[in-house]
Amino acid sequence: MREILIIEDEEELAQFILLELEYEGFSVTVSHSGREGLKLALDSDWDLILLDIMLPDLNGIEVCRRIRAVKETPIIMVTARGSVLDRVSGLDNGADDYILKPFAIEELLARMRVIFRRIDKEKQFQSHLTFKDLQVDILGRVVKRGDEEVELTKKEYDLLITFIQNINRVLTREVLLEKVWGYDTTVETNIVDVYVGHLRNKIDSSNGETYIQTIRGMGYVMR
């Protein structure tokens, strides 16, 4: 489930966007101030931030600039200002896109999909992935823990890639089933538990640290 942060001081608009995005399957958090929103943006990992320009305590351009100084989280600026200067200022300070108020929720969702498609493609073209002492050579399909090569089956490898590309994000069994096994309806979700168990046995560190954690009632997370 993708996690979205909304930083918007208009409470009715923020609530409207929250409800629409939750209906579309996103996990959404709302902040009504620039300073609080900035703290949330920096303290957690988000898939996308919707950021209003006109905030009462710290304007959105400055919030965007401070986020971009330390993080690459995608940002869509939300603004009632239609001038070219305002749009250019937002983009120059690190925003990925902007949308003018008032807007149709369908347009916002379309802009979000464009960003997510770009990010997903960038992940696909990464040649190396790392997590703690795990190293994955994408092109060679080689997995190492430290200096030791780890032998994985195709499904175990695909499962590991999915986890490493979604560090700190809880993945449900249904999501893992779709990403690793595709739309094969003959496969039950409990197969995910079996393969997670196999993968843990092969990649967990020798000191007993478990890289893939079970989140009861939800799924799994690598962190």
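The model is predicted, with local features needing pLDDT of at least 70 and side-chain atom pairs counting only at pLDDT 80 or more, while totals for chains, interfaces and linings use all residues. Residues are numbered from 1 along each chain as its sequence is written, and side-chain values use heavy atoms, with hydrogens and water left out.

The C-alpha atoms fill a box of roughly 55 × 35 × 30 Å along the principal axes. Of the 223 residues, 44% count as buried, meaning under 20% relative accessible area, with exposed being over 50% and partly exposed in between (1.4 Å probe, protein chains only). Among contacts (heavy atoms within 4.5 Å) with a separation of 6 or more, 56% come from residues 24 or more positions apart.

Next comes helix H8. This helix takes in residues 190–203, 14 residues in total, and its first and last C-alpha atoms are 20 Å apart, close to the 20 Å expected at 1.5 Å a residue; the expected span is 1.5 Å times one less than the number of residues. Buried in H8 are Val-192, Val-196, Leu-199, Arg-200 and Ile-203. Seen down the helix axis, these buried residues fall within an arc of 105 degrees, so they line one face of H8; the arc is that of the directions from the axis to the C-beta atoms. An α-helix has 3.6 residues a turn, so residues three or four places apart point the same way. The cover over the buried residues of H8 includes helices H6 (154–164) and H7 (173–181), along with strands S7 (134–137), S8 (142–145), S11 (212–215) and S12 (219–222).

As for aromatics, a search of the whole structure turns up two pairs. Rings of Phe, Tyr and Trp (its six-membered ring) pair if their centres lie within 6.5 Å, and planes under 30 degrees apart count as stacked, over 60 as edge-to-face and the rest as tilted. Phe-26 and Phe-116 have ring centres 6.1 Å apart and planes at 35 degrees, so this pair is tilted. It ties together distant parts of the chain, 90 residues apart: Phe-26 is in the loop between helix H1 (11–23) and strand S2 (27–31), and Phe-116 is in helix H5 (residues 105–124). Phe-26 counts as buried at 15% relative accessibility, and Phe-116 is buried at 6%. The rings of Phe-131 and Tyr-211 have centres 5.6 Å apart and planes at 90 degrees, so they make an edge-to-face pair. Here too the partners are distant in the chain, 80 residues apart, with Phe-131 in strand S6 (residues 128–131) and Tyr-211 in the loop between H8 and S11. Phe-131 is buried at 9% relative accessible area, and Tyr-211 is buried at 2%.

Lastly, Pro-56 is found in the loop between strand S3 (48–52) and helix H3 (60–70). This proline counts as exposed at 62% relative accessibility. Leaving aside residues up to four places away in sequence, Pro-56 touches Asp-9 and His-32.

Key. Helix = DSSP H or I, 4+ residues; strand = E, 2+ residues; numbered from the N terminus.
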